[in-house]
Amino acid sequence: MDVRMDPYLQKLANTVIETSPDFCAALTRDEIEKFVAFTREKEVGGNEVLSELGSISDEFYLIVGGEVVLYREELGEEIEIGRLGPGRLTGHMSFFDREPRTIRLRASSSGAQLLGVTRPMYKRLCIEHPYISVNLVEFVVLSLDSLLRSTSREVSSLYQKLSTSG
């Protein structure tokens with residue numbers, strides 16, 4: 001079957017193009033359709049937990065609708081530490097390093113629409129479409145870089161506030 005003729009994949013490809021311009025920038029329409037063929041669509045209801053603290057991920061997600069909220073537990077209390085919207089990745093740190101999660105992922109109150117990439121599908125994508133998988137890994141690296149830079153700015157700001165208040 002010609003993947004490009006599948007209306008479902010065409011619709012998913014349109015959604016990815018609309019919500020993830022950074023990921024799609026170096027890909028052709030055909031490559032985006034091939035990528036979505038390696039994903040699974042997942043709807044997460046309002047406030048539904050996507051991934052629990054301490055779990056190890058065998059799937060990561062491209063957010064294509066709604067928001068995913070990130071939480072940490074500090075002294076037994078759940079604290080929101082961030083929100084990710086369409087075009088962002090989530091779950092990729094634990095997927096790649098195979099370490100337990102340090103945050104809980106939960107859909108916002110309005111829910112979230114995701115495209116999941118499982119480990120077996122990621123491995124197939126790497127073998128069958130290396131250009132697409134390299135582009136995906138580059139997107140993961142940029143996502144992690146953005147997270148690290150944001151965290152560094154927040155730590156620096158907190159340090160400055162603490163040092164001027166003392």
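Val-141 counts as partly exposed, since its relative accessibility is 47%, where partly exposed denotes the range between buried (under 20% relative accessible area) and exposed (over 50%), with a 1.4 Å probe and protein chains only. The model is predicted, so that local features need pLDDT of at least 70 and side-chain atom pairs count only at pLDDT 80 or more, while totals for chains, interfaces and linings use all residues. Residues are numbered from 1 along each chain as its sequence is written, and side-chain values use heavy atoms, with hydrogens and water left out.

Val-141 lies in helix α6, and helix α6, which spans residues 130-165, also holds Ser-143; helices are DSSP runs of H or I with at least four residues, strands are runs of E with at least two, and both are numbered from the N terminus.

Thr-39, by contrast, is found in the loop that links α3 (29-36) to β1 (40-44). The side chain of Thr-39 reaches the backbone oxygen of Val-36 at 2.8 Å. The C-alpha atoms of Thr-39 and Glu-52, 13 residues apart along the chain, are 21 Å from each other.

| Residue | Relative accessibility | Class |
|---|---|---|
| Thr-39 | 14% | buried |
| Ser-143 | 11% | buried |
| Val-141 | 47% | partly exposed |

With neighbours within four places in sequence left aside, Thr-39 is in contact (heavy atoms within 4.5 Å) with Leu-115, Gly-116 and Val-117, and, on that basis, Ser-143 is in contact with Leu-89 and His-92.

Technical notes
Polar contact = N/O pair within 3.5 Å; in protein donor to acceptor, adjacent residues only side chain to side chain.
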